[in-house]
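Have the sequence and the 3D view open side by side. The paragraphs below go from strands to rings to a pocket.

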Amino acid sequence: MSEVTYTAVATSTAEGRNGGRASSDDGALDVTLAVPKAFGGAGDGTNPEQLFAAGWASCFVGAVRRVAGAKKVPLDDLAVVAEVTLHHDTEASEFTLSAALHLEATGIDQATVA
């Protein structure tokens with residue numbers, strides 16, 4: 001059985017992505033949410049897809065660094081770009097998400113990365 005190390009708690013209020021707020025229980029995160037311009041909104045705040053992409057990219061950077069350290073692979077520079085896409089099926093009136101992670105690492109060869 002695994003041990004619980006940490007649980008993040010966040011709350012979204014009001015209209016959610018349409019002018020609402022998202023905040024963490026410790027106060028470290030407190031952002032205004034907005035519908036992105038690409039989705040017909042004003043784009044005057046962050047949106048849930050950006051938050052998801054930032055969180056996933058950050059977690060994956062940590063995971064890659066941990067594995068690289070355990071395998072004694074030096075990393076000169078490392079970045080993870082997360083692309084989170086919101087899809088709207090207008091016929092079914094449903095929304096889905098897709099995501100892709102892109103690892104950018106310098107100082108190591110492709111065979112080591114694979």
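Two strands pair if DSSP finds at least two bridges between them. The model is predicted, so to speak of local features pLDDT must be at least 70, side-chain atom pairs count only at pLDDT 80 or more, and totals for chains, interfaces and linings use all residues. Residues are numbered from 1 along each chain as its sequence is written, and side-chain values use heavy atoms, with hydrogens and water left out.

Start with the open sheet. Three strands form it, in the order β1-β2-β3, and the pairing is antiparallel. β1 (10-13) and β3 (30-32) stand at the edges with a single partner strand each, so one side of each has no neighbour in the sheet. Neighbouring strands are turned by 15° against each other on average, direction ignored. That angle is taken between axes, which are lines fitted to C-alpha atoms (for helices over the stretch in contact); angles run from 0 to 180 degrees between N-to-C directions. Strand β2 covers residues 21-24 and pairs with β3 over three bridges, in the antiparallel sense. Look at A22: its bridge partner in β3 is V31.

Now move to β4 and β5. Strand β4 spans residues 77-89 and is joined to β5 by 13 bridges; the two run antiparallel. Within this pairing, A79 stands opposite E104 in β5. The hairpin of β4 and β5 has four residues between the strands, and S93 takes a positive phi near 55° there.

Next come the aromatic rings. Rings of Phe, Tyr and Trp (its six-membered ring) pair if their centres lie within 6.5 Å; planes under 30 degrees apart count as stacked, over 60 as edge-to-face and the rest as tilted. By this rule there are two aromatic pairs. In one, the ring centres of F39 and F95 are 5.9 Å apart and the planes stand at 75°, so this pair is edge-to-face. The pair links distant parts of the chain, 56 residues apart: F39 sits in the loop between β3 and α1 (48-70), F95 in strand β5 (residues 94-106). How accessible are these rings' residues? Buried means under 20% relative accessible area, exposed over 50%, and partly exposed in between (1.4 Å probe, protein chains only). F39 is partly exposed at 40%, and F95 is partly exposed at 45%.

The other pair joins F52 and W56, with centres 5.7 Å apart and planes at 25°, so it is stacked. Both residues lie in helix α1, four residues apart, about one turn of the helix. F52 is partly exposed at 41%, and W56 is partly exposed at 34%.

Last, the pocket. On a 1 Å grid over the protein atoms alone, a pocket is an open set of points, where a 1.4 Å probe fits, with protein on both sides within 12 Å along at least five of seven lines; lining residues have an atom within 4 Å of a point. V64, L103, I108 and V113 are among the residues that line the largest pocket. α1, β5 and α2 (110-113) each supply at least two lining residues. The largest share, three residues, comes from α1. A105 also belongs to the lining. A105 lies in strand β5 and is partly exposed, with a relative accessible area of 27%.
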